[in-house]
Amino acid sequence: MSQDIKETVKEKYADAALKVLGGEKGSCGPSGACGCDPVSDNLYDAAQTRGLPEGAVLASLGCGNPTALADLHAGEVVLDLGSGGGIDVLLSAKRVGPTGKAYGLDMTDEMLTVARANQAKAAATNVEFLKGEIENIPLPDASVDVIISNCVINLSADKARVLQEAFRVLRPGGRFAVSDVVCRGEVPDAVRHSMELWVGCIAGALEDNEYQRLLADAGFTEISVEPTRVYEFTEAGIDNVLAREISGRVMGAFIRARKPALR
Ligand SMILES: C[S@@+](CC[C@H](N)C(=O)[O-])C[C@H]1O[C@@H](n2cnc3c(N)ncnc32)[C@H](O)[C@@H]1O
């Protein structure tokens, strides 16, 4: 099951990357009441994206704006889990400056091609895109100051493992500052079992309290989940009855936590 999910997610995001390479905008979740992509549209303001390669903005498939909410400082090491076309890695790289480093990690070759092309256009030298899975992060223990991620952890079939890996690579005192889709209350089984809604970042969304529990189980403290955008879906992108059932209960959220400092 978890291998099936991973392969289907990879195919969906390889297609999205190929669209971007062809000059089209990718999309993430089903259509919403706005007649647009309620999950990924209008996440960044013009001041933030000014100076970024157009391909990085076109490839944006997130559900939030983690670098606008995360407190990043010069000289820090940032890791973006599921970095896609690289928009948040390039934004982080500007914030941490030449003495810092921004890593992007993604399992999809086509997305890594888009991200590395964007890095070259941005002439960002403090950036490195790594191929790998967020369930097995290819970095040593205690090597990262801040973990960011944008609409990716919901896609994993093993979220507990992702959070344990995030904890492992963070330095003591390091921060987890992630945008993700979460839900409040029960989500109908028909939604949970839809592969289309899984790859669209809805079916795999953790319930808010469950997210906090998994973070605490991994060892994190100072945990908070703050809704940033509540989604209203229409039958245009999702079955009519299901749309009504989940509208208003699925949301983009900013999730913060900290690995305790050494005493
Ligand atoms: C919804 S897109 C978000 C991309 C990017 N964070 C953004 O905001 O544009 C999900 C990305 O995560 C990657 N991804 C999904 N599951 C992954 C996993 N288990 N390990 C590594 N990458 C993964 C996909 O290849 C894709 O590029």
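Colleague: How do β4 and β5 pair, and over how many bridges?

Modeller: Strand β5 covers residues 170–183, and β4 pairs with it in the parallel sense over six bridges. Pairing here means that DSSP finds at least two bridges between two strands. Helices (H or I, at least four residues) and strands (E, at least two) are DSSP runs, numbered from the N terminus.

Colleague: What should I know about the source and numbering?

Modeller: This is a predicted model, where local features need pLDDT of at least 70 and side-chain atom pairs count only at pLDDT 80 or more, while totals for chains, interfaces and linings use all residues. Residues are numbered from 1 along each chain as its sequence is written, and side-chain values use heavy atoms, with hydrogens and water left out.

Colleague: What does the chain cross through from β4 to β5?

Modeller: Helix α7, residues 159–169. This β-α-β crossover is right-handed. That is, with the strands pointing away from the viewer, the path from the first strand over the helix to the second runs clockwise.

Colleague: Which residues of α7 are buried?

Modeller: K159, V162, L163, E165, A166, F167 and V169. Buried means under 20% relative accessible area, exposed means over 50%, and partly exposed is in between (1.4 Å probe, protein chains only).

Colleague: What covers the buried residues of α7?

Modeller: The cover includes β1, β4, β5, α9 (195–199), β6 (206–207) and α10 (208–218). Contact means heavy atoms within 4.5 Å.

Colleague: How many residues of β4 are buried?

Modeller: Seven of its seven residues, 144–150. β4 also runs parallel to β1 (residues 77–81), joined by four bridges. There, L81 has S149 in β4 as its bridge partner.

Colleague: Now the loop between β4 and α7. Is N154 buried or exposed?

Modeller: N154 is in that loop. Its relative accessibility is 0%, so N154 counts as buried.

Colleague: What does N154 touch?

Modeller: K159, D180, V181, W198, C201, G204 and A205. That leaves out residues up to four places away in sequence.

Colleague: C201 is on that list. Where does C201 lie?

Modeller: In the loop between α9 and β6. C201 has a positive phi, near 75 degrees, in a residue other than glycine. C201 is buried too, with a relative accessible area of 0%.

Colleague: How many disulfides does the structure hold?

Modeller: Zero, with a disulfide taken as a pair of cysteine sulfur atoms within 2.5 Å. C183 is in no disulfide, and the nearest cysteine sulfur, that of C63, is 13 Å away. C183 counts as buried, at 1% relative accessibility.

Colleague: New topic. How do β2 and β3 run?

Modeller: Parallel, with five bridges joining β2 (residues 101–106) to β3 (residues 127–131). G104 stands opposite F129 in β3. The chain crosses from β2 to β3 through helix α6 (residues 109–122), and this β-α-β crossover is right-handed.

Colleague: Where is A117, and what is its relative accessibility?

Modeller: A117 is in α6. It counts as partly exposed, at 32% relative accessibility. The C-alpha atoms of A117 and L21 are separated by 9.7 Å, with the two residues 96 apart along the chain.

Colleague: And A123, buried or exposed?

Modeller: Exposed, at 59% relative accessibility. A123 lies in the loop between α6 and β3. Phi of A123 is positive, near 50 degrees, in a residue other than glycine.

Colleague: How many residues of α5 are buried?

Modeller: Eight of its ten, in a helix that spans residues 87–96. Among them are I87, D88, L90 and V96. G97 follows α5 and has a positive phi, near 70 degrees.

Colleague: Last, the whole chain. How many helices and strands are there?

Modeller: Eleven helices and eight strands. The radius of gyration is 17 Å, close to the 18 Å from the globule rule for 263 residues, so the chain is as compact as a globular protein of that length. The radius is taken over C-alpha atoms, and the rule is 2.2 Å times the number of residues to the power 0.38.

Colleague: What percentage of the residues count as buried?

Modeller: 57% of the 263 residues.
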